Amino acid sequence: MKYFLLAAYTLTSIFSIAQVPAGYYQSTSGLSCSGLKTTLKSIITNGHNPRTYGDLWTQFQVSDVKPREVGTGSAMVIWDVYSDRPGPSNDPYNFTPGTGTGGQQDQGSGGTSEGQLYNREHSVPLSWFSGSTSTPGPATDYHHIFPTDKYVNGLRANYPYGKVATATHTTQNGSKLGSSAVAGITGPVFEPIDSFKGDLARAFLYFVTRYEDNMANYAANSEAAQAFEPNTYPSVDIPYLRLMIQWHQLDPVSQKEIDRNNAAYTYQGNRNPFVDSPQFVTRVWNSSCPGLTALPVDLVQFGGKLQAENVLLEWLSENESDLARYEIEKSINGITYQKIDEVVATNSRQYSYTDKSITNRGQRIYYRLKMVDKDGSYKYSQVFSVHVPLNSKLIVYPNPVSSYMQLQLNNNVNGTVLVRITDASGKMVQQHNLKMNGNTIRLDASQLINGTYMVIVYHHGEQLFQKIMVAK
């Protein structure tokens with residue numbers, strides 16, 4: 001199989017998108033792979049003047065603000081990547097900066113729901129590198145710390161970023177928490193909206209470059225194992241690196257990032273090279289580099305998600321010059337696989353396949369791709385797995401439920417639905433007649449005591465059931 005090779009590059013006009021000091025990256029000329037990464041580390045380490053954790057509050061009010069869209073109060077509001085909603089739709093809410101009149105900066109209490117407070121989000125979780133915010137350094141580095149909604153920050157917790165297959169929680173701006181849709185990344189993941197995926201990917205790549213000498217220790221943390229590798233190069237686990245590169249390419253550098261990067265240079269004396277020159281990403285990590293022949297290869301990413309009673313498989317291919325077809329294999333135990341279909345390679349880069357999984361309700365199913373060359377040689381993708389719920393027409397999340405619940409139907413509804421909630425004995429404890437225009441219902445659960453309940457949705461003569469657990 002042939003591998004994708006990085007196209008030729010030049011230094012001319014690379015640095016025109018940001019205010020880069022003259023000669024700042026001069027020593028990178030002609031370098032690539034590990035040599036370039038280490039050189040970039042030296043550049044962004046020299047002159048770096050780490051600031052305190054408390055200094056971030058002031059800096060957020062300087063370089064993480066934008067004009068107010070909703071509500072009343074300050075003209076400028078905190079630019080929160082977990083609540084901002086770019087485009088014609090207004091943000092769901094805005095935060096007033098600081099702690100003065102109306103200020104919504106976190107001071108230790110509150111933040112039990114969205115829109116109450118903002119705090120400091122380590123996009124590379126603090127626990128991944130055992131950072132101490134009392135000592136200026138990685139735990140106080142502005143380049144990877146963003147102001148975000150306190151509640152959503154807590155929801156994201158220490159989970160890696162990823163692409164969500166089935167959401168257990170969707171925030172008001174569309175960010176999601178749920179199971180991973182990417183082969184090679186398991187467990188819960190947090191998916192920001194597309195508009196900020198590149199920002200967060202480039203912040204992550206900055207971190208593993210600036211602190212590459214620490215990666216051997218950082219990667220020993222089990223929470224970080226799916227993202228970090230214990231070495232100075234490549235420093236990133238391959239599936240996670242593929243995802244970060246994809247996000248970097250999906251969401252190009254914005255003016256917001258350029259402005260924030262310039263402000264960071266004034267604030268702490270160093271820059272994010274992947275904002276200054278997006279080409280650095282593929283110069284540092286590409287399939288011609290030693291140890292990275294699997295990146296991106298023919299298959300950049302393979303994963304999927306539930307759609308009603310089906311599993312939609314999706315994959316992205318980078319180079320198919322010798323490829324004949326993709327054979328789709330399925331397993332119900334993760335050990336024995338059977339071919340269920342095949343897709344001809346047509347050089348279209350993006351592929352999808354729908355598997356009707358109605359017969360697999362209540363099971364975890366596993367998929368992999370067998371990539372077959374024209375000469376008959378082949379290799380396998382990583383395995384993607386997904387759990388198919390017993391009732392795929394109605395999903396309730398989060399489950400267990402605390403203060404509220406979201407009911408998601410597999411089809412849009414324009415009309416009235418009846419929702420009943422019964423306790424473990426079958427006694428009805430709540431009933432709601434609701435008008436819907438979409439597929440999601442949000443219900444207050446604050447009056448429900450801890451225990452097991454059944455949610456029943458009546459619509460067009462059909463009854464949809466979902467068992468929930470209330471735990472407060």
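## Ground rules

Since the model is predicted, local features need pLDDT of at least 70 and side-chain atom pairs count only at pLDDT 80 or more, while totals for chains, interfaces and linings use all residues. Residues are numbered from 1 along each chain as its sequence is written, and side-chain values use heavy atoms, with hydrogens and water left out.

Helices (H or I, at least four residues) and strands (E, at least two) are DSSP runs, numbered from the N terminus. "Buried" is under 20% relative accessible area, "exposed" is over 50%, and "partly exposed" sits in between (1.4 Å probe, protein chains only).

## The cores

A nonpolar core here is a set of buried Ala, Val, Leu, Ile, Met, Phe, Trp, Tyr and Cys residues joined through side-chain atoms within 4.5 Å. The largest one has 71 residues, and those with the most contacts inside it are Trp128, Phe204, Phe228, Tyr240, Met244 and Trp285. Helix H4 (residues 197–210) gives this core its largest share, eight residues. There's also a second, separate core of 22 residues, with Ala165, Phe302, Tyr351 and Val388 among them.

H4 is mostly covered, with 14 of its 14 residues buried. From its first C-alpha to its last, H4 reaches 20 Å, close to the 20 Å expected at 1.5 Å a residue; the expected span of a helix is 1.5 Å times one less than its number of residues.

Counting pairs of cysteine sulfur atoms within 2.5 Å as disulfides, the model has one disulfide. The bond joins Cys33 to Cys289, S to S 2.1 Å. The torsion about the S-S bond of Cys33 and Cys289 is about -85°, so this is a left-handed disulfide. Cys33 lies in helix H1 (residues 33–45) and Cys289 in the loop between helix H9 (279–284) and strand E8 (299–307), so the pair ties together parts that are 256 residues apart in sequence. Both Cys33 and Cys289 are buried.

H1 itself has 13 residues and reaches 18 Å from its first C-alpha to its last, close to the 18 Å expected at 1.5 Å a residue. Its buried residues are Cys33, Leu36, Lys37, Thr39, Leu40, Lys41, Ile43 and Ile44. What covers the buried residues of H1 includes H4, helix H8 (273–276) and H9, where contact means heavy atoms within 4.5 Å. After H1 comes Gly47, whose phi is positive, near 90°.

Strands of a sheet pair through backbone hydrogen bonds, either parallel or antiparallel. Two strands count as paired if DSSP finds at least two bridges between them.

E5 and strand E6 (residues 176–180) are joined over four bridges, and the bridge partner of Val164 in E6 is Ser180.

Strand E13 (residues 363–373) and E15 pair in the antiparallel sense over five bridges, and Ile365 has Val386 in E15 as its bridge partner. Strand E15 (residues 384–388) shows two faces: Phe384, Val386 and Val388 on the covered one, Ser385 and His387 on the uncovered one.

Strand E3 (residues 118–122) and E4 also pair in the antiparallel sense over five bridges. In strand E4 (residues 145–149), five of its five residues are buried.

Thr148 belongs to strand E4, where Asn119 stands opposite Thr148. Thr148 counts as buried at 0% relative accessibility. Leaving aside neighbours within four places in sequence, Thr148 is in contact with Asp80, Val81, Tyr82, Leu117, Tyr118, Asn119, Glu121 and Asn153.

Leu448 sits in the loop between strand E18 (428–444) and strand E19 (451–459), and at 5% relative accessibility Leu448 counts as buried. Not counting residues up to four places away in sequence, Leu448 touches Met405, Val429, Gln430, Tyr453, Val470 and Lys472. The C-alpha atoms of Leu448 and Ser123 are separated by 34 Å, with the two residues 325 residues apart along the chain.
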